[in-house]
Amino acid sequence: MAGTRLRTMRRTLITTAALLAGLTALTACGSSSNSSASAKGLPDQIKLVAINPMTGPAAFAGLAANKGYELAIKEINDSDLLGGSKLKLEEVDTKGEAQEAASKLTTAISDKSIPAVFGSVLSQDALAMSPIAQKSQMPIMYTQAGSDGVVIGDYTWRATPLMGTYYSVIKKFIADNGYKSTGIIYTSVSPTLTDVATKTIPELGMKITKTIATSATTQDFAAPVQQILATKPDVVTVLLQGAANPSTMTALRQAGYTGKVLGNSAASAGNLDPAGAAGVGMVWPVDFNYEQKAASSQKFVAAYKAAYGEDPLNYAAEAYDAAYFVARAIAAADSTDRAAVKDAMVAESKKSFDGALGEGLTWKDGTIVLDGVVVEHTADGEKLLYEGSGQ
Amino acid sequence: MQELLNAVTLGSVYLLFALGMSLTWGTIDILNFSHGAIFMFASFSAYLMLEHSALSLGLLILLGMIAGAALSFLVQFVVFEPILRRSKDKGSAEIQVLIGGIGTGMILLAIAQHKTRSNPFGLNGSSTESTTWHWGGAHITDVAVLTTVVAISLWLVVGWWLRRSRQGLALRAIGVDADVAALMGIDRRGLAMVTMAISGALAGLAGILFTFLQVAITPESGDTLLLKAFACIVLGGVGSMAGVAFGAFLLAGAETVLLTRTDGSWVDAISFGLIVLVLLIRPSGMFGRAEVRRT
């Protein structure tokens, strides 16, 4: 009796186990036909994640970039680019902290349905994210983040030209004004601005009378201004971020300097407004300005103005083109498999394209290449001085 | 000459900011890490008011001081007093007060960041415009002169008040031994509230003058100054008014000299290295009283 009961129990257990195994196999088959891991074809919804500083000192750039992503994704979803599949964008905040950025990326990587992510505008965040993305084989597209060590392989891309590659567009302005020497104040906090200060500017043909580095804790800009002006440069170069830009411009005007100042795009987005009249006269090269003439740029500007009621910043233009590039790659791959998307991005990068940043845009080593434009901060806001190499 | 003017102006900013923090730390034993956020928020409040009306610098200073005093009072009432009441001992109370201050500061920071998107903001909507005076090769603004005069005057007033007034004596007694002071009939809680309000008013005043001087600050600016104020107080000696002034001007002087004589990349390392050196020689700070341990 006991033996019969035992046999029955054993048979029941075996049958149950077999049923469970079968169910599991069926479920796996069902899910793998929808999973991003191995199947062709696009799901109805494709999730992308934008990992950007939405709070903290770089929030102005991160939030502007997110607007560019949102606009592009809305247009892509309204079009037939993905054959009826829709992109869904999730925006997460790095707070301007590298470890937070890395953590957010790791979370995105663990979600196998995500075929690609948009990386942080901040170089220090990006430097933490790139090795993780490359090793985990997650395609990541940055905007800004112009430091060395950000684009490190086929999985890492940057839709912003390196400031050092287009900064020389300001040579025409320098030549037109007869500047033969410059004194530089820069922030050592930014790898991009450090590179421009120590490598790019010295190659512009001017004599460097003095170079001074400020740190994140520098409160007094009168002292570096005094030191720079003592060397009597033809023009002063200010490569700073955030409140340091209006503070330094004011310190320069208070010290009696009335000339133009060579700056950088971190002075845009209204950052010079607190300086009032003292901020007028800063000139800088940038990859995009809403007044540039390219038809594709003006199309983007019109769409942005219609959506947000304001002129777009370069951060939004870069993100717009980044989103379209990734979407085209997904469409070409016809898959959300990360390796397939990566291969499609490599193939797409061999073609030139027209976008918000201009026409005939190309890629080199995973980064967009363009000539740039030069703008000046005037009493009425930013004005485009000229476009192209101007050589 | 210009270096001296820059150092004195910068030192005055540090003194004005650190004075409030030193007052509470040296007397009621509250190391208020929301002091930087209160400093910033006072300026932020003035910035918001300027969106509606072009106020003068005088009115902005009054507004900043009221905002700072109110915020500090609230922090003491809502955060620090409950912590002190519930803590088992002084050690755990200190840690919890530190954390409470940091947490409160983060709330104020988040509000300002949300509104400004961390963009720089200033008080250029004010009806008061700054004037720059030049003579010889040097220059200084009227706001810089005002900051220096106000900082030194307030330092003298606060120092005198602590030394000569009954309330100052009571506060110093609390600083030595709060329990015994309470036994002597001193209202610790009431005095703590007043002291925090004064500290907050000083932070607010510093915030308005600093923003006018620098033209723009960001929501994070207060945190940077907090570190420097902490260094000034420790360098000069906790509880010493002479010490906080010494620390403020020494730090400002070191930074100015380094910024004008070097390429600037070693400023923080050398400035704070100097503080470490002083503390190795005098652990209680230059003007602090040496701790006596009875065995």
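Which hand does the crossing of H3(A) and H4(A) have?

Hello everyone. What you see is a predicted model, where local features need pLDDT of at least 70, side-chain atom pairs count only at pLDDT 80 or more, and totals for chains, interfaces and linings use all residues. Residues are numbered from 1 along each chain as its sequence is written, while chains are lettered from A and ligands numbered from 1 in the order in which they are written.

Let's begin with confidence. The model has an ipTM of 0.83 and a pTM of 0.82. In chain B the average pLDDT (the predictor's confidence in each residue, from 0 to 100) is 87, and 98% of the residues score at least 70. Within chain B, helix H2 (residues 35-50) has the highest mean, 95, and helix H7 (residues 178-183) has the lowest, 75.

Now chain A. Chain A contains twelve helices and 15 strands; these are DSSP runs, numbered from the N terminus, with helices being H or I of at least four residues and strands being E of at least two. Of the 391 residues in chain A, 54% are buried. A residue is called buried if 20 or more other C-beta atoms lie within 10 Å of its own, exposed if 12 or fewer, and partly exposed in between, with C-beta atoms placed from the backbone. Taking contacts in chain A between residues at least 6 apart in sequence, 68% join residues at least 24 apart. A contact here means that the C-beta atoms of two residues, placed from the backbone, lie within 7 Å.

Back to our opening pair. Helix H3 (residues 98-110) and helix H4 (residues 123-136) of chain A have axes that come within 8 Å and cross at roughly 25 degrees. Axes are lines fitted to C-alpha atoms, for helices over the stretch in contact, and angles run from 0 to 180 degrees between N-to-C directions. H3(A) and H4(A) are therefore roughly parallel to each other. For that word, the angle must be under 35 degrees; over 145 is roughly antiparallel, 65 to 115 roughly perpendicular, and the rest oblique. And the promised reply: the crossing of H3(A) and H4(A) is right-handed. Right-handed means the near helix is turned clockwise from the far one by less than a right angle, and left-handed means anticlockwise. Residues making this contact include Leu105(A) and Ile109(A) of H3(A), with Met129(A) and Ile132(A) among those from H4(A). By class, the contact has nine nonpolar, four polar and one charged residues. Nonpolar covers Ala, Val, Leu, Ile, Met, Phe, Trp, Tyr, Cys and Pro; charged covers Asp, Glu, Lys and Arg; the others, Gly among them, are polar.

For another helix pair, look at chain B. Helix H3 (residues 57-86) and helix H8 (residues 188-214) of chain B pack at an angle of about 140 degrees, their axes 6 Å apart. H3(B) and H8(B) are therefore oblique to each other, and H3(B) passes H8(B) in a right-handed crossing. Their contact has 19 nonpolar, eight polar and two charged residues.

How do the chains meet? The contact takes 35 residues from chain A and 34 residues from chain B. Among the elements of chain B that each supply at least two residues are helix H1 (2-26), helix H9 (221-236) and helix H10 (241-261). This side of chain B has ten nonpolar, 19 polar and five charged residues.

Helix H8 (residues 222-230) of chain A brings both chains together in our story. Eight of its nine residues are buried, so H8(A) is largely enclosed by the rest of the structure. The buried residues of H8(A) pack against elements including strand E6 (181-187) of chain A and H1 and H10 of chain B. Just after H8(A), Lys232(A) has a positive phi of about 50 degrees.

That brings me to backbone angles. Most residues other than glycine have a negative phi. Ala145(A), however, has a phi near 50 degrees. Ala145(A) sits in the loop between strand E4 (140-142) and strand E5 (156-158) of chain A, and Ala145(A) is buried, with 27 other C-beta atoms within 10 Å. In chain B, Ser118(B) has a positive phi of about 60 degrees.

One last stop: Val92(A), in strand E2 (residues 86-93) of chain A. Is Val92(A) buried or partly exposed? Val92(A) is partly exposed, with 18 other C-beta atoms within 10 Å. Not counting residues up to four places away in sequence, Val92(A) touches Val49(A), Ile51(A) and Lys104(A).
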